[in-house]
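Biologist: I would like to learn how to read a model like this one, feature by feature. Could you walk me through it?

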Amino acid sequence: MSDFIRTVAAPVETVNGVLAKLKNACPGIAINLRENFGDLSIEIVKDGSADESTYQNAYREVVAALNDHIYALEDISLCERLFQLLKLRQATVSVAESFTGGGISKRLVEIPGISEVYFEGLNTYSNKSKIERLGVKEETLEAYGAVSAQTAYEMAYGLLATGNCNLSIATTGIAGPKTDGTKKPVGLLYIAVGNEEHISVYEYNLKGSRQAITETAINIALFLAFKKLK
């Protein structure tokens, strides 16, 4: 018998600590971990020797400790979970991507039935595209640059302003291996997630290869969209 916990961007030390505590409390279990660019699947397998009451108490402690990073307590992908929530909330999502290059939209359209909740995905890579397709202000780009909280905000706002979606996701950042000619470091990124009430912008500084930075950012963006709907 197995239980699953699916998380994104959970701190390694927190995960290791609570899982070690669980194993100490319940010797009759095995823990299998699968990690994919910050998307972590925790499978807890218990045999008949594990005391059920002790296990449930320890399992609840793990869930409580990782709560801010959990998107599912079953073996389901992040995109599938977001799809379920979009349908439940009767919401429609649109995406504007710069450095993630359409990766978020690609993940979404791999889900059967996504057309029920997905309006459009724009790969607004250049500044001109951001201006013409999303209404990002030239003065914003001149004052703060394409990789900025202000630009991410206006990208997300531009999607919502069309009236064709009620959840927007926007990304802008520097995936490397070289920077963008500014003093901003490789791995700096901004993700904006918004609805009719509020647009939130998040800043991250990721490490690793171009692929690792991009794929991790995609997972984080999808998770932030999930949390916005939740």
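Predicted model: local features only at pLDDT ≥ 70, side-chain atom pairs only at ≥ 80, totals over all residues.

Biologist: Which side chain meets Arg6 in a salt bridge?

Modeller: The general idea comes first. Side chains of opposite charge can pair when their charged atoms come close. Here, the partner of Arg6 is Asp75, at 3.0 Å from N to O. The two belong to distant parts of the chain, 69 residues apart: Arg6 sits in strand β1, and Asp75 in the loop between β4 and α3. Asp75 is partly exposed, with a relative accessible area of 44%. Through shared partners, salt bridges join Arg6, Asp75, Arg34 and Asp39 into one network.

Biologist: How many salt bridges does the structure hold?

Modeller: There are nine. One of them pairs Lys46 with Asp3, at 3.8 Å from N to O. Lys46 lies in strand β3 (residues 39-46) and Asp3 in strand β1 (residues 2-8), so this pair ties together parts 43 residues apart in sequence. Both Lys46 and Asp3 are buried. Another joins Glu215 and Arg107 at 3.0 Å, N to O. With Glu215 in helix α8 and Arg107 in helix α4, that pair ties together parts 108 residues apart in sequence. Glu215 is partly exposed, its relative accessible area being 23%.

Biologist: Now helices, please. Are α1 and α2 roughly parallel or antiparallel to each other?

Modeller: Two packed helices are described by the angle between their axes and the distance between the axes. The axes of α1 (residues 12-25) and α2 (residues 52-66) cross at roughly 175° and come within 9 Å. The two helices are therefore roughly antiparallel. Among the residues that meet are Val15, Val18 and Leu22 from α1, with Tyr55, Ala58 and Val62 from α2. By class, this contact has 11 nonpolar, two polar and two charged residues.

Conventions:
Residues numbered from 1 in each chain as written. Heavy atoms only, no water. Axes fitted to C-alpha atoms, helices over the stretch in contact; angles between N-to-C directions. Helix = DSSP H or I, 4+ residues; strand = E, 2+ residues; numbered from the N terminus. Parallel < 35°, antiparallel > 145°, perpendicular 65-115°, else oblique. Contact = heavy atoms within 4.5 Å. Nonpolar A, V, L, I, M, F, W, Y, C, P; charged D, E, K, R; others polar. Salt bridge = Lys/Arg side-chain N within 4 Å of Asp/Glu carboxyl O. Buried < 20%, exposed > 50% of the residue type's maximum accessible area, 1.4 Å probe, protein only.
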